[in-house]
Amino acid sequence: MSVPVRPGPSSWRRAATLVLAAGWTRPVPDAPSRPHPPAEGFRVLLLQRSASQGFLPGAHVFPGGVLEAADRSTDWLRLFAPHHRPPRFGLGPAPPQRAAFPVLPNIQPGAVDVDAAALPDDIAFRICAIREAFEEAGVLLLRPRSPRPADQAPGCALAPPPALADWRARVRRDPRYFLSLCSQLDCTPDIWALRDWSGWITPFSRPGGRRFETTFFLCCLSEPPPVFPDLVEVVGCQWSSPSEAIESLISKEILLAPPQFYEIRRLGNFASLSDLHKFSLDRESEGTERWMPIVLLTADGKIHLLPGDEMYLEDSNFLENCMSTEKRNEEIMNEGKKFHRIVLYNSHSYGDYTGYSIHVTVLPKYKHVYPKSFVVGKSCL
């Protein structure tokens, strides 16, 4: 096993992603590839990125994007007042801060320096995720400016605003316009509908590659809202159950990056929206884990090693390096027992994989759940 030296440090940008899960009572049309309705009673929103995008071109992703200074602006305080005030704005007790590897240098919080009085991360990242869902998908996760209801039922999205295209163009040009839109509608971002879910750091793959530290939130909605792709960053959309998304991956109808593949498989643990929603409520005081995969390049693909795996090393050297070996994936798998990894076969170019698999033999932490081991497509295992 060798660790090639790669020159040049990376800069990470902070980002937020929103996993939108919606209840689904509509009948599922029969099709040759899907002869039976899925077991899950919910579907997840996947957006197809434009092939012209520099990061994950053509992939299906959850809504999300980079944290901007406008998401942290103290101007939001006036909109949340008088019913919701700092520091938690009614979110409940802050979850514990989990020690996480690695400590990232050169974090870029946005285009503008952050004011010392800016909103705390728990609030700002939620606003970011909600803003991006509007920009990319036209989904408005807002709540009228009033005391928050005592119940914690799944939320619902507002109808798109008049002149949707105009508002989206303004917000894309200057994120501060999202506050203006909320003020005009007399609403606040529904930060209370978002549950901490996970955190992912883009692993090293090549010098100069884009790197993100991304907070993933889960939002359960009682029914799916209409979706309007912006046709700039996003060119298509679909609501898929976890099992349907995996079927689409197998048939090469969609492309999923490893974090999305992992999270969709994780969602496959839940048989209904109510189960998923209750689970997210029951564990919300636990906080989340933040993972940076370490990439092991093999003779016939690559392996994304995750914390807890027997080959995972908490070594800051891997901030700018991959592991490499002349062994094949099958050999590596036969030599180990303690797994927490995503295995990809024959990655000759981006997305050109003949097989995906997840192998998990470690126990989850902090009352969360991990995916069950699963193999997709051609594999020797």
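User: Which residues line the largest cavity?

Analyst: The model is predicted. The largest cavity holds about 40 Å³ of space. Its lining is made up of Trp-197, Ser-198, Gly-199, Arg-266, Glu-289, Trp-291, His-368 and Tyr-370.

User: Which element gives the most to the lining of the largest cavity?

Analyst: Among the lining residues are Trp-197, Ser-198 and Gly-199. Strand E8 spans 194-201. The element that gives the most to this lining, with 3 residues, is E8.

User: How many charged residues are in the lining of the second largest cavity?

Analyst: The second largest cavity is lined by Leu-79, Phe-80, Ala-81, His-83, His-84, Pro-144, Arg-145, Ser-146 and Thr-188. By class, the lining has 4 nonpolar and 4 polar residues, and the number of charged ones is 1.

User: What is the volume of the second largest pocket?

Analyst: This pocket is lined by 23 residues, and Arg-14, Gln-97, Asp-121, Thr-215 and Thr-288 lie nearest its centre. The lining divides into 7 nonpolar, 7 polar and 9 charged residues. The volume of the second largest pocket is about 670 Å³.

User: Which element gives the most to the lining of the second largest pocket?

Analyst: Helix H2 (121-137), strand E8 (194-201) and strand E9 (211-221) each supply at least two residues of this lining. Thr-215, one of the residues nearest the centre of the pocket, falls within the span of E9. With 4 residues, the element that gives the most is E9.

Terms used: Residues are numbered from 1 along each chain as its sequence is written. This is a predicted model: local features need pLDDT of at least 70, side-chain atom pairs count only at pLDDT 80 or more; totals for chains, interfaces and linings use all residues. Side-chain values use heavy atoms; hydrogens and water are left out. On a 1 Å grid over the protein atoms alone, a cavity is a set of points where a 1.4 Å probe fits but cannot get out, and a pocket is an open set with protein on both sides within 12 Å along at least five of seven lines; lining residues have an atom within 4 Å of a point. Grid points are joined across faces, edges and corners, and a volume is the space filled by probe spheres set on the points. Ala, Val, Leu, Ile, Met, Phe, Trp, Tyr, Cys and Pro count as nonpolar, Asp, Glu, Lys and Arg as charged, and the others, Gly among them, as polar.
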